[in-house]
Amino acid sequence: MSTPTETSVSSNAQASSPAVSGIDILNTGWGEQHKEHRFGSWMPRLMWVLLSRSWVRLPIQSFLIHHREGPVLFDAGLDPAINSNPDYIAQKIGQVLLHRIFRFHIEGQDALRYQLEAAGVAPQDVQQAVISHLHFDHVGGIADIPNAQLLVSETEWAQLSEPHPEREWILREHIQIPGANWRPVRFEPTSDPLLEPFGGCHDVRGDGALVLLPTPGHTPGSTSLLIRSEEIPPILLAGDLAYEPHLIWEDRVPGTGNADQLHETYAKVRGLRDALPNLVVLTSHDLQAQKHLAESLH
């Protein structure tokens with residue numbers, strides 16, 4: 001049985017409320033992936049998918065940001081139905097490949113709505129969710145946040161118009177669900193020297209505290225969220241840009257995604273860290289994410 005895990009980080013109470021008062025890391029289950037998937041390999045992807053026998057553990061994490069105007073979610077995790085419904089992946093080839101690429105350990109109580117409630121937030125109170133990319137393990141809980149505006153990059157959204165997005169694990173039937181309020185985001189040019197290397201940005205709340213950046217590589221339209229607020233260090237929520245932050249510093253790409261784009265984006269993130277030496281990078285499948293967050297505040 002997997003156990004809901006949350007890490008809460010709160011800034012000291014102040015007379016004027018900080019833009020971001022805390023972050024919770026929510027765990028919507030666990031999985032396993034091949035070592036070659038996580039750390040990269042000389043083998044082509046299909047080769048390691050079929051031949052690898054090495055597995056490493058990965059958490060399926062979302063991030064709950066306590067903004068002074070209301071909670072904002074970064075990614076929506078995995079749907080427990082992926083284990084209970086054999087047809088969750090509609091395509092037969094996808095059903096076969098799924099079990100060669102991942103092993104999931106997830107139960108009903110791991111659903112996003114229960115993780116939000118455990119963090120003290122009613123699911124219906126989430127007004128915005130930033131979706132880093134459209135893979136099924138990042139959109140699985142969107143039905144649990146019915147009032148949320150779902151932000152995704154225009155580039156990522158455009159993949160739904162391609163003939164077979166399911167070949168890249170982008171599943172229309174779990175994205176374009178009834179009632180989902182999707183808002184594709186176009187990045188605007190910026191003169192901020194800190195952000196200019198990324199080629200554009202989007203200010204989620206209009207106060208500079210939550211800035212969405214294009215960070216392609218894992219998928220063409222992947223994004224990361226830069227959090228800047230009083231009393232906490234700058235934090236970059238990087239989704240699946242890397243499976244562990246140190247891989248960005250080492251310029252070591254995983255066994256999936258566009259390697260050239262990843263190297264380019266990694267260089268931009270390293271430049272951001274040079275400008276912000278206390279920058280904390282948190283990725284969605286890092287086993288040490290909670291430890292990194294806690295240590296950064298001490």
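Val211 has Leu226 in β11 as its bridge partner. I start there as a way into the sheet. This is a predicted model, in which local features need pLDDT of at least 70, side-chain atom pairs count only at pLDDT 80 or more, and totals for chains, interfaces and linings use all residues. Residues are numbered from 1 along each chain as its sequence is written, and side-chain values use heavy atoms, with hydrogens and water left out.

On terms: helices (H or I, at least four residues) and strands (E, at least two) are DSSP runs, numbered from the N terminus. Two strands count as paired if DSSP finds at least two bridges between them.

Now the sheet. Strand β10, residues 210–214, is joined to β11 by five bridges, and the two run antiparallel. They belong to an open sheet of five strands, in the order β9-β10-β11-β12-β13, with mixed pairing. Which strands stand at the edges? Those are β9 (202–203) and β13 (280–282); each has a single partner strand, so one side of each is left without a neighbour in the sheet. Helix α10, residues 289–296, packs on the sheet and touches β12 and β13. Contact here means heavy atoms within 4.5 Å. The direction of α10 makes about 160 degrees with that of β13; axes are lines fitted to C-alpha atoms, for helices over the stretch in contact, and angles run from 0 to 180 degrees between N-to-C directions.

Next, salt bridges. The structure holds ten, where a salt bridge is a side-chain nitrogen of Lys or Arg within 4 Å of a carboxyl oxygen of Asp or Glu. For exposure, buried means under 20% relative accessible area, exposed over 50%, and partly exposed in between (1.4 Å probe, protein chains only).

I will go through some of the pairs. Arg113 forms a salt bridge with Asp144, with the closest N and O atoms 3.0 Å apart. Arg113 lies in helix α5 (residues 112–118) and Asp144 in the loop between α6 (136–139) and β7 (149–153), so the pair ties together parts that are 31 residues apart in sequence. Arg113 is partly exposed at 33%, while Asp144 is buried at 16%.

Arg270 pairs with Asp251, the closest N and O atoms being 3.4 Å apart. Here Arg270 is in helix α9 (residues 259–275) and Asp251 in the loop between α8 (245–249) and α9, so parts 19 residues apart in sequence are tied together. Arg270, at 22%, is partly exposed, and Asp251, at 31%, is partly exposed.

Lys92 and Asp87 also meet in a salt bridge, at 4.0 Å from N to O. Lys92 is exposed at 58%; Asp87 is partly exposed at 47%.

Two backbone angles, then. Asp75 has a phi near 75 degrees, a positive value in a residue other than glycine. Asp75 sits in the loop between β4 (70–74) and α3 (81–84). Is Asp75 buried or exposed? Asp75 is buried, with a relative accessible area of 0%. Glu231 also has a phi near 75 degrees, again positive and not in a glycine. The loop between β11 (223–227) and β12 (235–237) holds Glu231, which is partly exposed at 47%.

Last, the surface. Trp42, Leu46, Met47, Leu50 and Leu51 form a nonpolar patch, with about 570 Å² of accessible area together. Accessible areas come from the Shrake-Rupley method with a 1.4 Å probe; for residues, only the protein chains shown count as cover. Patches are made of residues with over 30% relative accessible area and no salt bridge, like charges being joined within 9 Å and nonpolar side chains (Val, Leu, Ile, Met, Phe, Trp, Tyr) within 5 Å. Leu51 is in helix α2, residues 45–51, and is exposed at 54%.
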